[in-house]
2 protein chains.
Amino acid sequence: MNQTIKAVVRYDGTDFSGWQVQPGQRTVQGAIEEALERMAGQPVRIAGAGRTDAGVHALGQVFSCVWPGPKRPDELRRSLSQLLGPEIRIDSIEVVRDDFHAQRSAASKRYAYAICQAAEPDPFLEKYAWTVPWDFNAQRVNEIAQRVVGRHDFAGFCSSGSSVETTHRTIHSIGVLDGPVTGPPDTSSVWHIEFHGDGFLYKMARNLVGTIADIARGHLDESALDERLSAPAPYHGYTAPAKGLFLVEVRY
Amino acid sequence: MNQTIKAVVRYDGTDFSGWQVQPGQRTVQGAIEEALERMAGQPVRIAGAGRTDAGVHALGQVFSCVWPGPKRPDELRRSLSQLLGPEIRIDSIEVVRDDFHAQRSAASKRYAYAICQAAEPDPFLEKYAWTVPWDFNAQRVNEIAQRVVGRHDFAGFCSSGSSVETTHRTIHSIGVLDGPVTGPPDTSSVWHIEFHGDGFLYKMARNLVGTIADIARGHLDESALDERLSAPAPYHGYTAPAKGLFLVEVRY
């Protein structure tokens, strides 16, 4: 009996070529579909809420799929986690209405970007934060970031390679918080920038972090943000590294 | 000009066969000696404060050596860190008295052991904590652990393979703390047990954690600790996995 399920997934993206299935690449979606196929005895296609890039992590990625059995959905979680190994963990699986779709039904998403200020990367944060040698002033970064809050055309922060109907998105809030996003923490100085918005274009979060950081350290004038928001042109600024980014939560 | 130096080192022990040099193995000591030899143009032998096992991590391991130049000791730190790559970071280097020896001069050490309670390992803690499915009661674990505090013959918690003059050691304090080994708490349930003592025998910290855990979950009677402390016999109990252990600090 076919049932639509919704699963919440946590993964360390370090050794994956991102979420989306690509021929010849090890991807998170590919690993999950392979495990589901082993259990179902037939191919199972899943839809992820967000297509995280290579090296990007997730605490709360969501996927949906039609599950053909034979296992009952509530027995799936543990078996699936065990098949997947330690880099991917399925935190919950629930049966949902047939019209649920992890990406199209999403109301908003939270992303967090971790930054560590240190002369050299910390061994325990190397894969989970962007290490910067310049003086990270959390209050200043927060002030700059507030300019992004609201509804804007984010085409100027979208890297090429995406095809979307509209490049308008609403950022509900941005906050700068102490400490790493998750995982083994550290005595070094670590912060994370949290974005909550109704959607994020291709590399938008990392491009926003890159521009905010360049303004904070004085490499760009503060007006650069407003300019890129008011007169979108292809993004040619700095893209913050993938390893600092976490998809924290998808809300429905 | 030869100078004796003291260095504080942080490393992710996951992909090393422990601290101590072993033929054909990738070890932390081996990696550091190789880098120092490249800079000095001659072999440099270092002495570590503690011989951490394969998979054990360090936030504050200390080593000493006689540095023959040509680089000045205060120029060493950055160059050495860069040669070593992201898994090992040199946090400080200072010139010390000629009679300083990282192991023999040590007054006490702090170790911390991280435990995560979860049905399946968290992808971000998999290499940095022991995941247990049973109910971890921090207060109960702390009560049990207090029996270890004081001066005892720890021969009954020493795995074979060590050769020491005496198996008596003093544990100054043990505490059970919320969260991973340092920093803010994770979203999972994580604690760490911190040991401060004048010395630790081979696998002593991990054997103590194994026995304390077995008592806490009801697999061993509470008297087992006292028995192993009063009538030492070769340890045949559970040894907690290496990946949860961190050498936090060496005091002089």
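On helix H2 of chain A, the face turned away from the buried side carries the exposed residues Glu75(A) and Gln82(A). The buried residues of this helix are Leu76(A), Arg77(A), Leu80(A), Ser81(A) and Leu84(A). The structure is a predicted model, with an ipTM of 0.83 and a pTM of 0.87.

**Confidence in the model**

- The average pLDDT of chain A is 91, and 96% of its residues score at least 70.
- Where pLDDT is low, predicted coordinates should not be read in detail.

**Domains of chain A**

- The domain assignment divides chain A into domain 1, covering 3-95, and domain 2, covering 108-251.
- Between the C-alpha centres of domain 1 and domain 2 of chain A there is a distance of 26 Å.
- Contact between the two domains of chain A involves 14 residues of domain 1 and twelve residues of domain 2.
- On the side of domain 1 of chain A that touches domain 2, six residues are nonpolar, seven are polar and one is charged.

**Helix H2 of chain A**

- Helix H2 of chain A runs over residues 73-84 and has twelve residues.
- From the first C-alpha to the last, H2(A) reaches 16 Å, close to the 16 Å expected at 1.5 Å a residue.
- Helix H1 (28-40) and strand S4 (88-95) of chain A are among the elements that cover the buried residues of H2(A).
- Just after H2(A) comes Gly85(A), which takes a positive phi of about 80 degrees.

**Ser81(A), a residue within H2(A)**

- Ser81(A) belongs to helix H2 of chain A.
- Is Ser81(A) buried or exposed? Ser81(A) counts as buried because it has 21 C-beta neighbours inside 10 Å, and the cut-off for a buried residue is 20 or more.
- Which residues does Ser81(A) contact, leaving aside its neighbours within four places in sequence? The contacts are Arg89(A), Ile90(A) and Glu120(B).
- Ser81(A) and Val9(A) are 72 residues apart along the chain, and their C-alpha atoms are separated by 9.5 Å.

**Helix H2 of chain B**

- In chain B, helix H2 covers residues 73-84. Its end C-alpha atoms are 16 Å apart, which agrees with the 16 Å that twelve residues should span at 1.5 Å a residue.
- The buried residues of H2(B) include Leu76(B), Arg77(B), Leu80(B), Ser81(B) and Leu84(B).
- Seen down the axis of H2(B), the buried residues fall within an arc of 115 degrees, so they line one face of the helix.
- Glu75(B) and Gln82(B), on the other side of H2(B), are exposed.
- The cover over the buried residues of H2(B) includes helix H1 (28-40) and strand S4 (88-95) of chain B.

**Val8(B), a residue in a strand**

- Val8(B) is placed in strand S1 of chain B, which comprises residues 3-11.
- Val8(B) is buried because 21 other C-beta atoms lie within 10 Å.
- Not counting residues up to four places away in sequence, Val8(B) touches Gly60(B), Val62(B), Asp91(B) and Ser92(B).
- Val8(B) and Tyr238(B) stand 230 residues apart in sequence, and their C-alpha atoms are 31 Å apart in space.

- Where does Lys203(A) lie? Lys203(A) is in the loop between strand S9 (189-197) and helix H4 (204-216) of chain A.
- The phi of Lys203(A) is near 65 degrees, a positive value in a residue other than glycine.
- Lys203(A) counts as buried because it has 22 C-beta neighbours inside 10 Å.
- In chain B, Lys203(B) lies in the loop between strand S9 (189-197) and helix H4 (204-216).
- Lys203(B) has a positive phi near 65 degrees and is a residue other than glycine.
- Why is Lys203(B) buried? Lys203(B) is buried because 22 other C-beta atoms lie within 10 Å.

Note on methods
Residues numbered from 1 in each chain as written. Chains lettered and ligands numbered in written order. Predicted model: local features only at pLDDT ≥ 70, side-chain atom pairs only at ≥ 80, totals over all residues. Domains from an automatic or database assignment. Contact = placed C-beta atoms within 7 Å. Nonpolar A, V, L, I, M, F, W, Y, C, P; charged D, E, K, R; others polar. Helix = DSSP H or I, 4+ residues; strand = E, 2+ residues; numbered from the N terminus. Expected span 1.5 Å × (residues − 1). Buried ≥ 20, exposed ≤ 12 C-beta atoms within 10 Å, placed from the backbone. pLDDT = per-residue confidence, 0-100. Arc of directions from axis to C-beta.
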